[in-house]
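The sequence and structure follow.

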Amino acid sequence: MSRSTARKCLAPGTTVAPGEVLVATELGDPSGGLLACPAAPLVGGTLRRRGIRVSYAPVPRCGDASPSDDGATLFVTSALQRDGTATAIGAGANGVDGVALAAARAAVEEWSAVVGTRRLLAAVSPWCHGATHALQQARRALAAAGTVYIYGRLAASPQVRAQLEKKGAVFTSSLDDIPNGSTVLIPAHGLAPGLRDEATERGLDVIDATCPLVAGAHAEVRRFADRGDQVVLIGKAGHAAVEGILGQAPGRSIMVGSQAAAGAVTVADPRRVSYLPQPGIPVEDTTAVATALRSRFPALRGPDPDAFCYAASDRTETTRTVAASCDVVLVLGTEDDADTRQLTSLARSCHAKAHVIADVTEIAADWLAGTSAIGLAESTSARPRLAAQVTQALSGLGPLSVTRRQVTTEIQGRRGPAKRRPPRGRPPETE
């Protein structure tokens, strides 16, 4: 890492209120012209954590300080980019406000100390194809119908769900809440047959956005039950997809979530038992339970592995791959979110330092000291565009090489192995 030093200068015509620090979003340099300040949110976040009132604004003129000049006093440093251009980091205060000036100088010097060349490895979006397709369907339906009832949980961030509500989406967990003749969207997790029949009988306009892999699980449960088997779904209690899957064969299907629970399963005929891994959880997490079931029921039958949902497995492996290649991982999301905690645990299991941030201003300079590679892991609670904001802010600290890294399972045919490969690109960020 290279260390830059902050220089003191004057910003003629720029005024700052007493007790406040102005963080520059653009900075007029006498020799370099108007310089962008992408790292401004990082500087502002540091100051706010120290109890300093912060404002953001462009500073069009900046020059050497002179006792006879009027204007704010600034502390400035620059970072040379790979293409020869420069970005700036600047903050200042009223020239007679000693406390604010000291805070501004300290913050600029703190971030100046971590200026350097880095790699940024961005992990895959948390949303699988089925989830993004359902969200697109919801947006199209709202544009056409104005009001759309969404049954159950739509896989999207809280901010996106709030945006949909403003446009007319009504989230409900009961068909009784939906007036006859209304439009109802079934999200990626699907719906039990009885509820689907009820919706049809009431004349609801049903938009089916069920994930094809979930629909495939529905078909497998029915197939297993039709041949007389007791069906065991290896899954996670409370997951949105469970109700619809078990609802395909009421009385002939149960859910098992652990090896201990597998040991307590009772069936009428131990020769007539089938299992199914739940879409939406890592396939690897179901292996131990399947093994426990097979030890009790040697004739246990399962689905074709080609039909498994590998999205969660791929995301887990992607997070591990990113973390193993980085000094520090920024986990985007909220501390109280289970998915955030899972990603943080995965990153730390690969011996990377991991920090959770819900906003770009929460990044601390000391996290980046001595680092050459930073990973991003985006949880389902992350705000839309947060990954882009973090990338932009980090680009203000010197040359930043951004790489998208993703592990993908590819089914090569019913007799061939599934192999993982990095895709050519990343799907557009959900907004």
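Axes here are lines fitted to C-alpha atoms, for helices over the stretch in contact, and angles run from 0 to 180 degrees between N-to-C directions. The model is a predicted one.

Two packed helices are described by the angle between their axes and the distance between the axes. For helix 3 (residues 129-145) and helix 4 (residues 158-166), the angle is about 20 degrees and the axes lie 10 Å apart. Helix 3 is therefore roughly parallel to helix 4, since angles under 35 degrees count as such. The crossing of the two helices is left-handed. On the helix 3 side, the contact involves Leu135, Arg139 and Leu142; these meet Val160, Gln163 and Leu164 of helix 4. Sorted by class, this contact has 4 nonpolar, 1 polar and 1 charged residues.

Helix 13 (residues 386-394) can be looked at through burial. Its residues Leu386, Ala387, Val390, Thr391, Ala393 and Leu394 are buried. Viewed down the axis of helix 13, the buried residues fall within an arc of 165 degrees, so they line one face of the helix. An α-helix has 3.6 residues a turn, so residues three or four places apart point the same way.

The last stop is a loop. Arg252 sits in the loop between helix 7 (240-246) and strand 14 (253-256). Its relative accessibility is 34%, so Arg252 counts as partly exposed. Leaving aside residues up to four places away in sequence, Arg252 touches Ala225, Gly228, Asp229, Gln230 and Val231. Ala102 is 150 residues from Arg252 along the chain, and their C-alpha atoms are separated by 71 Å.

Terms used
Residues are numbered from 1 along each chain as its sequence is written. This is a predicted model: local features need pLDDT of at least 70, side-chain atom pairs count only at pLDDT 80 or more; totals for chains, interfaces and linings use all residues. Side-chain values use heavy atoms; hydrogens and water are left out. Helices (H or I, at least four residues) and strands (E, at least two) are DSSP runs, numbered from the N terminus. Angles under 35 degrees count as roughly parallel, over 145 as roughly antiparallel, 65 to 115 as roughly perpendicular and the rest as oblique. A crossing is left-handed if the near helix is turned anticlockwise from the far one by less than a right angle, and right-handed if clockwise. Contact means heavy atoms within 4.5 Å. Ala, Val, Leu, Ile, Met, Phe, Trp, Tyr, Cys and Pro count as nonpolar, Asp, Glu, Lys and Arg as charged, and the others, Gly among them, as polar. Buried means under 20% relative accessible area, exposed over 50%, partly exposed in between (1.4 Å probe, protein chains only). The arc is that of the directions from the helix axis to the C-beta atoms.
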